[in-house]
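Biologist: I would like to learn how to read charged side chains in a model. Could you take me through a case?

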Amino acid sequence: MRERKRGVQELREREQRKGHVIIFGIPECEEYNAEDRIASDESFINALLSEALEIQVPHDKVIRLGKKEDSRTRPVRTTFHSMEDHALVFKPPKKLKDHNEGPFANISISPDLTPLERQDRMNLKAKRNQRQAKIRCERSTSKMGDKKR
């Protein structure tokens, strides 16, 4: 019964997060007034979308996640009006990687995942990395065998 309840909660949480995007690396505004900080984040996101990703999509609910600390920059969550707009953000990923300098150099974008989804992704990446390491090892071993002949 608990498993089923957890499954239902997980589905609800995924549904709530569906239109959200997490943006990492946006510099924090040092303004004292919260409205000014939010306006600064919104302005940065608008520039990121139009200049770096070259898309025009409406968004709202810009929120800094976590407690403010001097030692780190908090990620920003924003919500898009439709799933089509949400999908557009992830279509041109290479365009964001092309910005090695300037204000968009250290920016990364991720879907808003539940803790279970994040754990599943980490597990999949670990398995992929193990397979790739095994393949590299097999290739280097076979090349060494070729050289001995």
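Biologist: Does glutamate 31 count as buried, exposed or partly exposed?

Modeller: This is a predicted model, so treat each value as computed from it. Buried means under 20% relative accessible area, exposed means over 50%, and partly exposed is in between. Glutamate 31 has 42% relative accessibility, so it counts as partly exposed. Its place is the loop between strand E1 (20–24) and helix H2 (34–52).

Biologist: Which residues gather with glutamate 31 in a patch of negative charge?

Modeller: The patch on the surface holds Glu30, Glu31, Glu35, Asp36 and Asp70.

Biologist: And which residues form a positive surface patch?

Modeller: Arg121, Lys125, Lys127, Arg128 and Arg131 form it. Take one of them, lysine 127: look for it in helix H5 (residues 115–148).

Biologist: Now salt bridges. What is the general idea?

Modeller: Side chains of opposite charge can pair when their charged atoms come close. The cut-off here is a side-chain nitrogen of Lys or Arg within 4 Å of a carboxyl oxygen of Asp or Glu.

Biologist: How many salt bridges does the count come to?

Modeller: The count is 10. One of them joins glutamate 117 to arginine 14, with 3.6 Å between the closest N and O atoms. Glutamate 117 sits in helix H5 and arginine 14 in helix H1 (residues 2–17), so read this pair as a link between distant parts of the chain, 103 residues apart. Arginine 14 has 32% relative accessibility and therefore counts as partly exposed.

Biologist: What is the partner of arginine 17 in a salt bridge?

Modeller: Aspartate 112 is its partner, and the closest N and O atoms are 2.8 Å apart. Arginine 17 belongs to helix H1, while aspartate 112 is in the loop between strand E4 (108–111) and H5, so the pair ties together parts 95 residues apart in sequence. Arginine 17 and aspartate 112 are both buried.

Biologist: Where do glutamate 28 and arginine 64 lie in the chain?

Modeller: Start with the pair itself. Glutamate 28 and arginine 64 meet through their side chains in a salt bridge, at 4.0 Å from N to O. Glutamate 28 is in the loop between E1 and H2, arginine 64 is in strand E2, and the two are 36 residues apart. Both glutamate 28 and arginine 64 are buried. Follow the shared partners, and salt bridges join Glu28, Asp41, Arg64, Lys68 and Arg74 into one network.

Biologist: Aspartate 85 has no salt bridge. Which side chain of opposite charge is nearest to it, and how far away?

Modeller: Lysine 91 is the nearest, at 11 Å. Find it in helix H3 (residues 83–90). Beyond neighbours within four places in sequence, aspartate 85 contacts Val57, Pro58 and Phe80.

Biologist: Last topic, the backbone. What is there to note about phi of glutamate 54?

Modeller: Phi of glutamate 54 is near 55°, a positive value in a residue other than glycine. Glutamate 54 lies in the loop between H2 and strand E2 (59–64). With 53% relative accessibility, glutamate 54 counts as exposed.

Biologist: What about lysine 61: what is its phi, and where is it found?

Modeller: Lysine 61 is not a glycine either, yet its phi is positive, about 55°. Lysine 61 is in strand E2. At 59% relative accessibility, it counts as exposed.

Methods:
Residues numbered from 1 in each chain as written. Predicted model: local features only at pLDDT ≥ 70, side-chain atom pairs only at ≥ 80, totals over all residues. Heavy atoms only, no water. Patch = residues over 30% accessible without salt bridge, like charges linked within 9 Å, V, L, I, M, F, W, Y side chains within 5 Å. Areas by Shrake-Rupley, 256 points an atom, 1.4 Å probe, with all protein chains shown as cover. Lys, Arg positive; Asp, Glu negative; His and termini not counted. Charge placed at Lys NZ, Arg CZ, Asp CG, Glu CD. Helix = DSSP H or I, 4+ residues; strand = E, 2+ residues; numbered from the N terminus. Buried < 20%, exposed > 50% of the residue type's maximum accessible area, 1.4 Å probe, protein only. Contact = heavy atoms within 4.5 Å.
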